[in-house]
Amino acid sequence: MKRRYDVVVIGSGFGGSITACRLAQAGRSVCVLERGQRWSNVDFPRSPSQIARNAFWYPDDGQYGLLDYRVFDKMQVIQGSGVGGGSLHYFNVHIRAPASIFDDSRWPEGIDLETLAPYYDLARDMLDATPLSPPAGRELPTRTVAFQSACERLGRKSQLVPIAVYAGTGRTNPHGTAYQQPCDYSGNCLIGCATHAKNTLDLNYLALAELHGAEVYPLHQVQSIAPARNGRGYRVSFDRLDPATAGGQVSADAVIVAAGTLGTAELLLRCRDQIGSLPALSPALGRGFSGNGDLLLAGTLTDADLDAGPGPSITVGADFATEAQQMYVEDLGLPNVLFWFVEGLLAGAVAPTNFLALARLLLFGALGIPGATRRLIRERERVFGGGRTRGLLPYLGMCEDAADGEFFLDPSGALDLNWNPAASKPNFLELEGALRELSGALGGEYMPSALWLAGELLTAHPLGGCRMAADPETGVIDESCEVHGYPGLFVVDGSIVPTALSRNPTATISALSERAAFLMIHGRELTPGDRDTPSNRPAEKSPQRPKRERLTTA
């Protein structure tokens, strides 16, 4: 690692990978610091023992898994960790937010669906997001066809959603160098794709960034950001996680914070409130958390043979919008090794207070650990008598929650969240009405989320905490993603999204990230057919502009 770069990017999820790629293509020297490890497709956990020991993020125990599960009061969050961030475990869906979402006053006036359209297009091409066309010798998953049929009975239009999953014959990924095999229908999207069929960020944006000279440093966890003593840019301090050695520092003219919604909030709150290195950060920092209106772990139990495990994790969706709000429902498949204990939650057979604790209990039970095994057997017999599990169809439902949560640091300095579901409850109840409709059309019984019955939620799509606004009193960053009061410091990840999207958010986060990078380089908006449109192919040269002294729009 060099002592100084043009740009340091903190995190390698969608925001970090996209900005790193575009800035490297534009000739900037780029350093990416990622807290998680770099995964090979043959290293992902598969067996119950591997999942229990290697899948989850427990750095204090020397476990640097790709799944980071956080439990707050009334809200549980699952997020990714590793080179490629959330793309390693997400469910691949790349779908645009409805136009009406951007009518909310919490969005800057200059950002709407039309403005974002060319950036959406650019990201969709890089991620090769298309509706599922089954690989040779396979058909659409049974659950997909059942979902489509149910929507048809309701008079609603379903759609095969765009997913970043490759289903053709073997190839070298056109954006990088990795060899891809077609989707094997294993249903393992959550725990890493062994065939490289999943178009994760390490296969495209990050690969292209590295081809243009960007340097990626895994297992480097950033602890602080401070203005450089000489007034030129910023100094970033980090810890090396494995092997645990002395930390280090790196300097840059510009810093892009892209540590994910939780990681970004924690880092910036620490810099403002604990370390004091960025004391002028907006008082709005941490406010506006949204779980994207996610309702997970609800489903329909039928007598049909749906076998919801095989295939990409999400394949089909339907719009259930009302005059009151946007709502969208998708099918949901999970790895077989995890599927049955989720069914246990759906049946309400086990305490729902901590999904991760339950997962670990059941996985350790599969290892033959005394005590856990006995409870595992009891619960399995209680829930799965009669072999009804193949008739279960789980859903991912999304609506418009109130986006009124607030992050803060607890007395120990750890991130905490104040979120009350009261203001969002009417919208979730309306979403449940849509799920009941689907259950009726499937001829089955609606199985509510055990978490929601207990007044809690699980989200895979945490958003907010670094809202965009022209006024630093109400927003952390401006419309170009530059932090108020700190020229050359940017935030580009899910934390900048000010409302629930009622759709899987990665397409919108990607579009916002492409926009932020384009503004940093060109100082203007990208337009359709723009001569400065960056290339998504390694053999093509992206248009460049002369390097500015600072990457700042101020």
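Three strands form an open sheet of mixed pairing in this predicted model, in the order β5-β6-β22. A second open sheet, also of 3 strands, has the order β14-β19-β20 and antiparallel pairing.

- The edge strands are β5 (67-72) and β22 (457-459), each of which pairs on one side only.
- From one strand to the next, the twist of this sheet averages 15°.
- Strand β6 (residues 75-80) runs antiparallel to β5, and 6 bridges join the two.
- Aspartate 68 has glutamine 79 in β6 as its bridge partner.

- Phenylalanine 289 has its bridge partner, glycine 405, in β19.
- Helix α6 (residues 260-274) packs on this sheet and touches β19 and β20. The direction of α6 makes about 50° with that of β19.

- Strand β7 (residues 158-160) pairs with strand β16 (residues 316-319) over 3 bridges in the antiparallel sense.
- Opposite serine 158 stands alanine 318 in β16.
- β16 is also joined by 3 bridges to strand β17 (residues 328-331), and these two run antiparallel.
- As a general point, strands of a sheet pair through backbone hydrogen bonds, either parallel or antiparallel.

**Helix α4 against helix α10**

- The axes of α4 (residues 142-154) and α10 (residues 425-441) come within 8 Å and cross at roughly 100°.
- On the α4 side the contact is made by Phe147, Ala150, Cys151, Arg153 and Leu154, and on the α10 side by Glu437, Leu438 and Ala441.
- By class, the contact of α4 with α10 comprises 6 nonpolar, no polar and 2 charged residues.

**Helix α3 against helix α12**

- Helix α3 (residues 113-127) and helix α12 (residues 506-522) pack at an angle of about 110°, with their axes 8 Å apart.
- The two helices, α3 and α12, are therefore roughly perpendicular to each other.
- From α3, the residues in contact are Thr115, Leu116, Tyr119, Tyr120, Leu122, Ala123 and Leu127.
- In α12 they meet Ala507, Thr508, Ser510, Ala511, Leu512, Glu514, Arg515 and Phe518.
- The contact of α3 with α12 has 10 nonpolar, 3 polar and 2 charged residues by class.

**Cavities**

- Across the whole structure, a search finds 4 cavities of 30 Å³ or more.
- The volume of the largest cavity is about 120 Å³.
- This largest cavity is lined by 16 residues, of which Cys183, Asp184, Ser186, Cys189 and Cys193 are the closest to its centre.
- The lining of the largest cavity divides by class into 8 nonpolar, 5 polar and 3 charged residues.

Technical notes: Residues numbered from 1 in each chain as written. Predicted model: local features only at pLDDT ≥ 70, side-chain atom pairs only at ≥ 80, totals over all residues. Heavy atoms only, no water. Axes fitted to C-alpha atoms, helices over the stretch in contact; angles between N-to-C directions. Helix = DSSP H or I, 4+ residues; strand = E, 2+ residues; numbered from the N terminus. Contact = heavy atoms within 4.5 Å. Nonpolar A, V, L, I, M, F, W, Y, C, P; charged D, E, K, R; others polar. Pairing = 2+ DSSP bridges. 1 Å grid on protein atoms, 1.4 Å probe; cavity = no way out; pocket = protein on both sides within 12 Å on 5 of 7 lines; lining within 4 Å. Points joined across faces, edges and corners; volume = space filled by probe spheres on them. Parallel < 35°, antiparallel > 145°, perpendicular 65-115°, else oblique.
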